[in-house]
Amino acid sequence: AARQKMRDLQAAADRRAFAVVALDNANKGLRTTAAVIMRFEEVARLDPGHYQDWATLSSLYLRAGDTSAALDAAYKAQKTAKNDDERISASVLTVFSLMRASRYTEALDLAQSALRRATGPAGRTPDPSMIAGIGQLQFSLGATLERLGQIDAAISAYATSVDTARQLVAIDPSLAGPRGSLAEHLTKLAALQLRNGALPSSLASVTESVTIRRELIAAYPAFIAYRSGLAISLSDLATVTTSMKRFDEAIAAADEIIAIMTPVAEKDASVANLNLLAYGHTTKGLALVKSGRFDDAVPVLGEAIELATRLVAIDPSPGASHFRLLGNGYDQLGNAKYAAGAYEGACAAWTSALELATKRADASNNAMGDQVSIAIFQVKRGRCLSKLSDRAGAAQAYLGALPLMKAALAMSPLSVPYREAMTEILSNLLDMEVAGFSRPEVEAMVKSLIAQGQADPGMMATVDQRHKATAPLAGDAQ
């Protein structure tokens, strides 16, 4: 038995060397993710006590869309970790695997406890390796808080991770890894700055991220990972410039994503690569919708929905980003249909988006971020149903959304999407009278929301005006 174990360890060492080369080739677009996974699985079978094999497998499984295997490998990485750096890295992998499995509360607990251990007084004096690990934990904490709908707290965590990444870059600006991490953290920060309406800050963050990514590609043109990273940053740049009504810039950024990821996905149709390609089509569709080019947007969004549907078939985990991406595709399709006056098509698209959001909420035990998605899609369905003269259906949709948006605003009062959704609900409170609310009950509800700071004081006058008018009904003013 001892001799067999020695033979297995030697065989594992030999195969590990080939697996590492295969991984490097995959990062250059020369091997598929699936082929590299097979090599590392064989290594881990022969030598199951090696931390790096399990950590690499967890990351590869996430890339391939195998949530269960990613989480199992992350747990094994935790068990085989032998020092602080490995324990931190294993915790980060476990957090992201738990998030993919929609187990957000567990992910949050792990991120917070691991961060406390890493930064506590009993820890060693931080060296570059420890600083990098702490930055990744801060980043994973931000990601978990974001999924839980705690936007302000998530922004704080991402901002801290950006500061940590800058600290690491300052130690040795020539290293590619820290610069790549800084770009990644800036991109996530930019996305949430946008959600809170901080457009100049968001644009500055994402522009810096794009600049770093382009510098890395220039220095390391063979590495596909840096091109994929640029695609991520460009996706957020497209979203920010769309919000600033700079539509030509947004469409150009989205087209660049598609140009980058199409050949990459053709060589390696992994979940990660297809996901980024779908993002390119979704962000382009968003810019086209916002710029009023509805007929152009529909086929682009159709491509995004087709890609995301393919991804969900590969990995049906509701916590996966492509599950959310499919909902976003239907959402933008609904926006395009609604703006073009195709209300039945819009209702169908938003109903699909609502069904996906409901599945995410069920899987995540009603995480706030998923509850907010449900509320926003209910508001949009209410708007659409009102156009179709289904006043009772519209009232039911608005009533279902109201408590969810109240809870969301209490948690993140600066969030622009949250405030916009609440404003639309309140501006259509007249429909609630159809559902059995009396005029005094409607007034009391609005006054309560105003007192809580969740409605503009002028909203009472808006409700008065709508109450006196015989038309238009809810949604006509949107």
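Reader: Which residues is Arg100 in contact with, leaving aside its neighbours within four places in sequence?

Author: In this predicted model, Arg100 is in contact with Leu62, Gly65, Thr67, Asp315, Ser317, Gly319 and Ala320, once its neighbours within four places in sequence are left aside. Arg100 itself is found in helix H5, which covers residues 84-100.

Reader: Why is Arg100 called buried?

Author: The relative accessibility of Arg100 is 15%, and the word buried is used for values under 20%. Because 15% falls under that cut-off, Arg100 counts as buried.

Reader: What makes the pair Arg100 and Asp315 a polar contact?

Author: A polar contact needs a pair of N or O atoms within 3.5 Å, with one able to donate a hydrogen and the other able to accept it. The side chains of Arg100 and Asp315 are joined at 3.1 Å, a value within that limit, and therefore the pair is called a polar contact. A polar atom of the Arg100 side chain also lies 3.1 Å from the backbone oxygen of Leu62.

Reader: Which residues does His322 touch, leaving aside its neighbours within four places in sequence?

Author: With those neighbours left aside, His322 is in contact with Val271, Asn275, Ala308, Leu311, Val312 and Asp315. Asp315 is also among the contacts of Arg100. The place of His322 is in helix H15, residues 321-339, and the C-alpha atoms of His322 and Leu311, which are 11 residues apart along the chain, are separated by 6.5 Å.

Reader: How do you know that His322 is buried or exposed?

Author: The relative accessibility of His322 is 1%, to be set against the limit of under 20% for buried residues. Since 1% is under this limit, His322 counts as buried, and that is why the word is used for this residue.

Reader: How many residues does the chain have, and what share of them is buried?

Author: The chain has 478 residues, and buried residues make up 53% of them. Its secondary structure consists of 22 helices and zero strands.

How values were computed
Residues numbered from 1 in each chain as written. Predicted model: local features only at pLDDT ≥ 70, side-chain atom pairs only at ≥ 80, totals over all residues. Heavy atoms only, no water. Helix = DSSP H or I, 4+ residues; strand = E, 2+ residues; numbered from the N terminus. Buried < 20%, exposed > 50% of the residue type's maximum accessible area, 1.4 Å probe, protein only. Contact = heavy atoms within 4.5 Å.
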